[in-house]
Amino acid sequence: MGGTLRSVNRVLLGLAGTLLLALGLAVLVAGFDLPRHLDFSMPSGWPWTAPDDALLTDGERTRWRSESWWWPAVIGVLSLLVLLLLWWLLAQLRRRRLGEVLVDTGDGEGALLRGSAMENVLEAEASGLPGVDRAAVRLTGRRTAPQAVMGLRLEPHAEPGPVLGRLTKEALEHARNSAALEKLPAEVRLGAVKHRPERVL
C-alpha cells in the first residue's frame with residue numbers, strides 16, 4: 001500500500017504541476033500580449049491571446065445548460081472527483097503512527113501492545129548495532145499488520161550492507177517474534193553523521 005500511495009501522490013503532483021505550469025504560461029502569454037509583440041500567432045481555437053480576452057465567454061459558459069445530459073454529467077464528474085479526493089485523504093491518514101499492535105497469545109483472545117513501546121524497543125536495539133549512531137522508528141499500517149518506518153544515522157565509517165543485515169536478523173526479527181507477527185515489513189532510510197574532514201599527514 002505504501003508504494004502504491006507514493007506512486008499516486010507522484011502522479012497527482014505531476015499532473016497538478018503540469019496543469020498549473022500550463023495555466024501560468026498561458027496567463028503570461030496573454031498578459032504581456034506576446035503574440036502581438038513577437039509577431040507570431042497562437043494555434044486556432046486558443047482561448048486567450050490578449051490582455052482583454054476572457055477565458056470563457058458568456059456563450060461558452062451557458063452553451064450546454066439547456067441540454068438534458070449536462071447537469072447529470074456535471075454532477076457525476078464532480079461526485080467522482082469528490083470520491084477520489086476522499087480516498088486519497090483516507091489513504092494519507094492511514095499512514096499515521098500506529099497506536100497499538102494486536103499480539104496473538106494463542107488462546108484466541110489476543111493482547112494489545114502499545115505501538116510506542118514497540119517503537120522504543122526497536123529504536124534501542126537498532127541504536128545499539130555496530131555502526132549506528134542513532135535510530136528513529138515509526139509504526140504504520142494496521143494493528144494486525146504493522147509496518148516499520150526506520151531512519152538510521154550511520155557512523156562515518158559504517159558500511160550500510162552489514163548494518164542492514166544485522167538490523168534485519170536481530171532487531172526486526174526480535175520485534176517480530178516478540179509480537180508473534182507473521183511478518184514485519186520495514187522501510188529503512190539511511191543517513192550519515194556529519195563529521196569534520198580528516199587531515200592526512
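The largest nonpolar core of this predicted model holds 24 residues, of which Met118, Leu122, Met150, Leu152 and Leu167 touch the most other members. A nonpolar core is a set of buried Ala, Val, Leu, Ile, Met, Phe, Trp, Tyr and Cys residues joined through side-chain atoms within 4.5 Å. Buried means under 20% relative accessible area, exposed means over 50%, and partly exposed lies in between (1.4 Å probe, protein chains only). At least two core residues come from each of strand 1 (100–103), helix 5 (115–127), strand 3 (132–142), strand 4 (145–154) and helix 6 (160–178). Helix 6 gives the most, with five residues. Helices (H or I, at least four residues) and strands (E, at least two) are DSSP runs, numbered from the N terminus. In soluble globular proteins, nonpolar side chains tend to be buried together.

Residues are numbered from 1 along each chain as its sequence is written. Local features need pLDDT of at least 70, side-chain atom pairs count only at pLDDT 80 or more, totals for chains, interfaces and linings use all residues, and side-chain values use heavy atoms, with hydrogens and water left out.

Met118 may now be taken by itself. Apart from its neighbours within four places in sequence, Met118 is in contact (heavy atoms within 4.5 Å) with Val101, Leu113, Leu139, Ala175, Ala179, Leu181 and Leu184.

The surface also has a nonpolar feature. Leu12, Val82, Leu83, Leu86, Trp87, Trp88 and Leu89 make a nonpolar patch of about 660 Å². Patches are made of residues with over 30% relative accessible area and no salt bridge; like charges are joined within 9 Å, and nonpolar side chains (Val, Leu, Ile, Met, Phe, Trp, Tyr) within 5 Å. Helix 4 (residues 70–93) supplies the largest share of the patch, six residues. Leu12, by contrast, is found in helix 1 (residues 2–31), and its relative accessible area of 41% makes it partly exposed.

Aromatic side chains come next. Rings of Phe, Tyr and Trp (its six-membered ring) pair if their centres lie within 6.5 Å; planes under 30 degrees apart count as stacked, over 60 as edge-to-face and the rest as tilted. By this rule there are three aromatic pairs. In one of them, Trp69 and Trp70 are edge-to-face, at 6.0 Å centre to centre with 75° between the planes. Both are partly exposed, Trp69 with a relative accessible area of 43% and Trp70 with 22%. Trp64, Trp69, Trp70 and Trp71 form one aromatic cluster.

Finally, charged side chains deserve attention. Side chains of opposite charge can pair when their charged atoms come close. The structure holds four salt bridges, a salt bridge being a side-chain nitrogen of Lys or Arg within 4 Å of a carboxyl oxygen of Asp or Glu. One of them joins Glu170 and Arg166 (2.9 Å, N to O); these two residues lie in helix 6, four residues apart, about one turn of the helix. Glu170 is partly exposed at 25%, as is Arg166 at 37%. Helix 6 also holds Glu173 and Arg176, three residues apart, whose side chains meet in a salt bridge (2.7 Å, N to O). Glu173 counts as partly exposed at 29% relative accessibility, and Arg176 at 21%. Arg189 forms a salt bridge with Glu187, the closest N and O atoms being 2.8 Å apart.

Methods: Accessible areas come from the Shrake-Rupley method with a 1.4 Å probe; for residues, only the protein chains shown count as cover.
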